[in-house]
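Work through the exercises below with the sequence and the 3D structure in view. Each task is followed by a solution in steps.

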Amino acid sequence: MSTHLEDAAQPEEPPPHPEPVPVPVRVRGISEEQRSAQEQWEAVEDIQSVLLGSSAGPAVLISFNEALQFFQTADLSESRKKIQATVRRQGLAALLHFLFGPPRLQQQLQGERDLALAIAQCALDDSEAVHMRILQTIYKKLTCSRLGCPRYGTHWEELGFQGADPGTDLRGTGMLSLMQMLYFVMDSQMLPLAREIFRLSQHETQAPDVTPVLLQNFPFCIMSVNITRLVLQALREECLSRECNRRRQVIAVLNELYAAAFLQLYRVWKSQHKTVADSGFLLKELEFSTRKKPKQLLKSLEAYVSRSPTSMADGTRRPSPPSAGGSQAEEEINFTGVCDLQVELEGEARLI
């Protein structure tokens, strides 16, 4: 289950059967810069189709390790200038943390920690092919589509971003949030869980006729970004140092804690019939768990992975895909508050 830095890139999926290249989607109201980026995106697809043949599809999947190797060799000097490795404490708080707080991260692991923090400072860049492949891979793996999609469009809202441009939702987490989504969908043990959570985020639960329809939809990608933010918080507060030191890894621990937190959210959301209105409270609970009980979360994930692939995260059989019926199926839900959580640069990190 662990993701090792030195591992070879995971094998990519075999080329799909020949299918027509989708007609480019033009989105009204986007800026000239966004329109230019979209044209570049489509040009990459055209070039790829010529070089690799129409059966290759418009985008080649990228593994987590391949993407990580890109960031390991990329020039992240500007991003590294912005990172703050640990939370600054002063006075009594600093003394108490020194005497009774968690151990410090081992010296040989601090470079890997700083790499993760630098990736979190990287914005989504339309001119970086690897960034675009990461985005396309997330889309294709979650939707089970063989074809890619336009750089901008309402299809990103269907995945759980707030608008037509996913890059605007990565505040505070940058490319690390997309990297953790990539891990979630490209790890063979995590993909069933990722799709199960995504399926829950997409449908409503139909209650008996005597009661109103209970909507359990939530924006998957926005929730994912917020979980990445909580994991970063725990890292900077040195809550993960003991586990990282034990395993002599940092990024693998971050990825697994991300998946474990998402698993806990999924279980509570599904079993207790939570809705978007409960999201703030659930994220506060997750904040506590990632900071104070990371080992317990990781053990829960380990138990999930050890189960049969036919089992759901809550131990029951996977149901058949829900129908799209329901009079309120098309009702728009405003997911306010959660996407604006902040990571404080100084003092105790907290949710706002």
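**Exercise 1. Find the residue that follows H6 and describe its phi, then describe the helix.**

Step 1. Cys144 comes after H6 and has a positive phi, near 60°. The model is predicted, with local features needing pLDDT of at least 70 and side-chain atom pairs counting only at pLDDT 80 or more, while totals for chains, interfaces and linings use all residues. Residues are numbered from 1 along each chain as its sequence is written, and side-chain values use heavy atoms, with hydrogens and water left out.

Step 2. Helix H6 covers residues 129-143; helices are DSSP runs (H or I, at least four residues), numbered from the N terminus. From first to last C-alpha, its 15 residues reach 21 Å, close to the 21 Å expected at 1.5 Å a residue (1.5 Å times one less than the number of residues).

Step 3. Of the 15 residues of H6, 12 are buried (under 20% relative accessible area, 1.4 Å probe, protein chains only). Among them are His131, Gln136 and Lys140.

**Exercise 2. Which residue forms a salt bridge with Glu237, and which parts does the pair tie together?**

Step 1. The partner of Glu237 is Arg291, with the closest N and O atoms 3.0 Å apart. A salt bridge is a side-chain nitrogen of Lys or Arg within 4 Å of a carboxyl oxygen of Asp or Glu.

Step 2. Glu237 lies in the loop between helix H10 (220-236) and helix H11 (241-247), and Arg291 in helix H13 (residues 279-292), so the pair joins parts 54 residues apart in sequence.

Step 3. Glu237 counts as buried, at 3% relative accessibility.

Note on methods: Helix = DSSP H or I, 4+ residues; strand = E, 2+ residues; numbered from the N terminus. Buried < 20%, exposed > 50% of the residue type's maximum accessible area, 1.4 Å probe, protein only.
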